[in-house]
Every structure is written in structure tokens, then in C-alpha cells.
Amino acid sequence: NFTVYDVSKVVLWLFKDSYKPFYFDGDINRVQYAMPSGDSSIIHNGLKQGYITLTMRTNSSKIYSQKITTAKETVTSTAKTITYINNGHVEVLPEISIVKNGAGKVTIQNLDDDGGNIFEISKLTNGEDIYLDSKREIIETDIIGVYHYDDVIGEFPKLVVGTNRWKITGACTVQLKYSEKFKF
């Protein structure tokens, strides 16, 4: 049974002017970004019973996983290889948080990417907190007035389908956020 309040909550939840995460109870790990389009209708019998009919439009043919946040990994002065898994069907461009321990540079090499693509960012200071958005190619730092775009060598890191062994050189703490992409 639905009250007027319940129906109002559903209308406010669904009818937005932007794409929102949309998934079904049986498979919460498959998310599409959708919004209602066209006409919708609410059918009820006056006894607080009924249903809503609507058409949804997605922003992509892809289906995504819920947002994955990896554990923070600490790299000492010795290079460390960290394994990340992409269970999706296509490569992913992650968001990466790096906190530098000591001044210097951080190098990320994906040993499982063809050619072992390398990303290196230099001129980092002790304790500097760096945010990388590989998809939008954004570099942000917590230090005012510092821009690291000229301090980068290579391509922004990506996660290929399957296993990704990242060899990270330069003392730091690293954490990734990403959503896997599926074709169906």
C-alpha cells in the first residue's frame, strides 16, 4: 500500500533534470545512469494500490559497477607492485589519490598494459596531496598556486580489462576510485 507521501517520494526521486544511478534490486552491481523521458502515468484504484509507468533514457549504452574504492597502499622508498582487477568489458580511467612521502617524484607503470605505459609526476613536496582524474586528465594539488601539468611524463594511468599490476616507484600512499564498465 502506498500513501500519498510514498507516491510523492517516488516522483521526487525519479523526476530529475540529470542522469542518476539506476539499478534493480536483483543486481545492484549493474548500474545505468538514467532519467525519465517522455510521458509517464500513475495508475491507482483509490485504495492506495497501483503502479507507475514511465520511459527511462540512459546516458550511455554501457552499464557500470558501483563505485569501487581500493584500500590505501603505502609505497616506501622501494618500488612496490600493486594488483588491481578490472572485471568489466572495457578499460577504465580511474581517479587516483596520491599523498607524497618525502619530496620527489612518483612513477606508475602498468605492467599488464601493452608496452607498460608509464605515468610520472615530479617536483612533489613532502605531504603533498595529489588528485588525478585520468578520464578528464585533471591534476589537482593541495598546495595553492602549484600546477603540475608541466611536471608530467607519459599518459594518465588506466586499468585494462583483467589484471593490472602497477609498479609504483616513489614513497607515497595511493588509493584508486573507479567503476567497471560492462557492455551488457
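Author: A residue counts as buried under 20% relative accessible area, as exposed over 50% and as partly exposed in between, with a 1.4 Å probe and protein chains only. The model is predicted, so local features need pLDDT of at least 70 and side-chain atom pairs pLDDT 80 or more, whereas totals for chains, interfaces and linings use all residues. Residues are numbered from 1 along each chain as its sequence is written, and side-chain values use heavy atoms, without hydrogens and water.

Reader: Does Val 11 count as buried, exposed or partly exposed?

Author: Val 11 lies in helix α1, residues 4-14; helices (H or I, at least four residues) and strands (E, at least two) are DSSP runs numbered from the N terminus. Because its relative accessibility is 30%, Val 11 counts as partly exposed.

Reader: What accessible area do the residues of the nonpolar patch have together?

Author: Patches are made of residues with over 30% relative accessible area and no salt bridge, like charges being joined within 9 Å and nonpolar side chains (Val, Leu, Ile, Met, Phe, Trp, Tyr) within 5 Å. Accessible areas come from the Shrake-Rupley method with a 1.4 Å probe, and for residues only the protein chains shown count as cover. On the surface, Val 11, Phe 15, Ile 42 and Ile 52 form such a patch, and their accessible area together is about 290 Å².

Reader: How many salt bridges does the structure hold?

Author: A salt bridge requires a side-chain nitrogen of Lys or Arg within 4 Å of a carboxyl oxygen of Asp or Glu. Lys 80 and Glu 73 form one, with their closest N and O atoms 3.1 Å apart. In the structure, the number of salt bridges is eight.

Reader: Which strand holds the Lys that meets Glu 120 in a salt bridge?

Author: The side chains of Glu 120 and Lys 105 meet in a salt bridge at 3.7 Å, N to O. Glu 120 lies in strand β10 (residues 118-124), so the pair ties together parts 15 residues apart in sequence, Lys 105 being in strand β9 (residues 104-110). Glu 120 is buried at 16%, while Lys 105 is partly exposed at 44%. The strand of Lys 105 is β9.

Reader: Which Lys is linked with Glu 91 and Asp 113 in a network?

Author: The network consists of salt bridges. Glu 91 and Asp 113 are linked in it with Lys 158.
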